[in-house]
Every structure is written in structure tokens, then in C-alpha cells.
Amino acid sequence: MGVMADPGQLLGEEFLKRPVLEVAPELLGCYLCRELDGKILRWRITEVEAYDGPEDKACHAHKGRTGRTEVMFGPAGHWYVYFCYGIHWLLNIVTGPEDYPAAVLIRGAGEISGPARLTKALSITGELNRRMAVPECGLWIEAGEILDRAHILTTPRIGVDYAGPDWSRRPYRFLLRES
DNA sequence: GGGAGGATGGAT
DNA sequence: TCCATCCTCCCA
């Protein structure tokens, strides 16, 4: 068994510091929580992708430690938010042990499908980069019900062909079958 | 200091 | 299929 997390419980470092391929599918059904204008939104996570360490050619950290990727080398449970294609913000949660760069890209939650649309809908920008995922910063994750593996669909990741077939074809994308 | 490229999405 | 539009990284 992995780390126990009761529904509604804040997902912290203990839960997230495990290997990213273990954590990523378990984030499905959990709640992405955002406080905006004094109100708290809790959106069920429906789609994620795993980015797994220096060997993973699709992972930003595979070229080493840089200013941008530094946060992925840090302790689990921090946000990695980066700017893409000159327009979009993309949201990741850092996972795995310290000094091992890995993160989960959150691609869908609630009724929103698409990583850039999600950040836009929740007003998430680079201001949250490197912040710890706790209520104090206005963005955190709470545990959901444990899902049966049969509810989870697994596919290759989106938009990472540049990483070459060995990596782009790996089944590192997880989504709820019902979504 | 310059240039290339990118974990997307919306319009054509 | 095109492209908006800019941050980061690498190289000079």
C-alpha cells in the first residue's frame, strides 16, 4: 500500500515524494483546490502526465539543473508553473525524492480539459511557481476517494514527439475513463 | 547580446 | 495548418 490519504486531507510531501509514476495515477480523483476572491473551488483532477527524472527526454530537467528546472530538484509538494509557446501557463506538482527531478503536469480538472485552459480558468500564473502547495498560497490538492484501476485510462503523453519514440510513446498520461 | 524552440489552443 | 508571442537556455 502507498501513503494513506483520507478524502479531504491535504496532499503533502509524504504522499508526493514517492515515484512520479506511482503518484500520477493516484492524483486522478483528487481535488485541485483554488481560493479566489475569498471562495474556494474544488475541482476533481481528471487528466495528468508524469515527467520522470533526468533520463526522461520529455522532462524539462533532463538537460540538467537550471534556474527554470531547479524547483523540480527540490522537495515534493511545490508547484512548478512555467510559460509555454509565448502564451500559456502550465501547472505541475513536484513529486519524488529530493534531488530527483520529477513532476506531474495537471492537464484537466473539473469541467476543464487542457492544461493551458485549466490555468487560465483558475487564474494560475508564474506567481505560484516554486510555492508550496498549501492553502496559504491559494492553491493546493486534497485527497479524493481511492479509485479502482479500471477507471483509469493510460496513453502516451501529448506534444512530446521531440523526445523521440522511446520516450514519447511511454504510457505516462493518465485520465479518468469517464472524462 | 542574439537566436532557436517549446508539456497549447483557437482560428482558418 | 497556421500562428500568437515570450521565457529560458545555449552559444558567442
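Strands β3 and β4 (residues 88-94) run antiparallel and are joined by six bridges, where two strands are said to pair if DSSP finds at least two bridges between them, and where strands (E, at least two residues) and helices (H or I, at least four) are DSSP runs numbered from the N terminus. This is a predicted model, in which local features need pLDDT of at least 70 and side-chain atom pairs count only at pLDDT 80 or more, while totals for chains, interfaces and linings use all residues. Residues are numbered from 1 along each chain as its sequence is written, chains are lettered from A and ligands numbered from 1 in the order in which they are written, and side-chain values use heavy atoms, with hydrogens and water left out.

Within this pair of strands, Y80 stands opposite N92 in β4. The two strands form a hairpin with three residues between them, and Y85 in the turn has a positive phi of about 55°. Strand β3 (residues 79-84) is largely enclosed by the rest of the structure, because five of its six residues are buried, that is, under 20% relative accessible area, as against over 50% for exposed and in between for partly exposed (1.4 Å probe, protein chains only).

Of the atoms of DNA strand C within 4 Å of the protein, 71% belong to sugar or phosphate, and the rest belong to bases. Among the polar contacts, which are pairs of N or O atoms within 3.5 Å, a polar backbone atom of R68 is 2.8 Å from a phosphate oxygen of DNA strand C, whereas a backbone N or O atom of Y85 lies 3.0 Å from a base oxygen of DNA strand C.

An N or O atom in the side chain of H60 is 2.4 Å from a phosphate oxygen of DNA strand B, and a polar side-chain atom of Y162 lies 2.3 Å from a phosphate oxygen of DNA strand B. The elements that give two or more residues to the surface near this strand are β3, β4, β5 and α4 (115-121).

Key: A residue is near a molecule or strand if one of its heavy atoms lies within 4 Å of it. A polar contact is a pair of N or O atoms within 3.5 Å; within protein, one must be able to donate a hydrogen and the other to accept it, and residues adjacent in sequence count only if both atoms are side-chain atoms.
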